[in-house]
Amino acid sequence: MEKKRFRPSGSILLALAAFIWGIAFVAQREGGDLIGPFTFNGTRFLMGGIALLPVLNLALKEENRAYSKASMPKNDKHTLFTGGIVCGIALFAASNLQQVGITLGSPAGKAGFLTACYIILVPLAGLFIGKRVSLRVWLAVAITLAGLYLLCLSESLKISRPDLLILASALCFSIQILSIDHFVKAVNPIALSVIEFIVCGLLTMIPALIFEILPDPAGMAMAFSNKDAWIPLLYTGLLSTGVSYTLQIVGQKSVHPTIASLIMSLESVFAVLAGWAILGETLTLREGLGCVLIFAAIILAQI
């Protein structure tokens, strides 16, 4: 098997993807406040799935339409749609827990770091499917717990409900990542993502209709007519989903996957910086130390 070569160009693309994802936490905070967490999430994932269709078309042409309807074997199509539905359901749970947590008041920077805990949870969840975990990962888990204590728990040893929702989303994201790892080996990754995003978007529109759109259709129409609502929608739907995913695909062609994971985990750092620069969010010394410990654990788990 040919080894992947480390090239600065691929690393720059992955860092740019992490930068876009980090700022997306700010867009999610603003958009969720304007039109509601479910309506915002459902719209942006449907938008992201549609935005990936031209990229998918180019990918199919490069692969001589190996995954096109005319030439795709029946088993491959079955695996593709099964994988897209499974990953879409996992993404539905993860993204909406995260979005509701952000909308309820979890700062964008803190949400970015708590979400990054999926990098620790992925190998832990792998234990249930027979994957062994090294001593280094257990040490990273211990450091993460210490960081979470400083970042999330108040002096009264109570964790806030928004932070708890973000942590639950990190667990669901770890399930989603493992699901992608299982299915992506047999199907076109971009096709898998298109189905995943559309499934997630359609499922999210169900609670959006029940809790946000139908109770106040006039107010929702007014919210959608507000240009301030479309800026975060376009950013998360087109840039955070379509562009960043394409950057990730291209970047990982020339970067070792372990190094790629480490680079992409920088989204947590960019989330804190974006929350400070755009929203004026601040972290206490205690919370800042918690962020440092969590990021150190992320690095330890990936080296």
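Biologist: What share of the contacts with a separation of 6 or more joins residues 24 or more positions apart?
Modeller: In this predicted model, such pairs account for 88% of those contacts in the chain.

Biologist: Which elements make up the chain, helices or strands?
Modeller: There are 14 helices and 0 strands. Of the 303 residues, 49% count as buried.

Biologist: Why is aspartate 33 called partly exposed?
Modeller: Its relative accessibility is 48%. Buried needs under 20%, and exposed needs over 50%. Aspartate 33 lies in between, so it counts as partly exposed.

Biologist: What makes the pair of aspartate 33 and arginine 29 a salt bridge?
Modeller: Their side chains meet at 3.9 Å, N to O. The cut-off is within 4 Å, so the pair qualifies. Side chains of opposite charge can pair when their charged atoms come close.

Biologist: Where do aspartate 33 and arginine 29 lie?
Modeller: Both are in helix α1, 4 residues apart, about one turn of the helix. A search of the whole structure finds 1 salt bridge.

Biologist: How many residues are in the largest nonpolar core, and which have the most contacts inside it?
Modeller: That core has 54 residues. Those with the most contacts inside it include Phe25, Leu56 and Tyr235. Helix α1, residues 8-35, gives the largest share, 9 residues. A second, separate core of 11 residues includes Ile35 and Met205.

Biologist: What does phenylalanine 25 contact, leaving aside neighbours within four places in sequence?
Modeller: Its partners include Gln98, Ile102, Thr115 and Glu267.

Technical notes
Residues are numbered from 1 along each chain as its sequence is written. This is a predicted model: local features need pLDDT of at least 70, side-chain atom pairs count only at pLDDT 80 or more; totals for chains, interfaces and linings use all residues. Side-chain values use heavy atoms; hydrogens and water are left out. A nonpolar core is a set of buried Ala, Val, Leu, Ile, Met, Phe, Trp, Tyr and Cys residues joined through side-chain atoms within 4.5 Å. Buried means under 20% relative accessible area, exposed over 50%, partly exposed in between (1.4 Å probe, protein chains only). Helices (H or I, at least four residues) and strands (E, at least two) are DSSP runs, numbered from the N terminus. Contact means heavy atoms within 4.5 Å.
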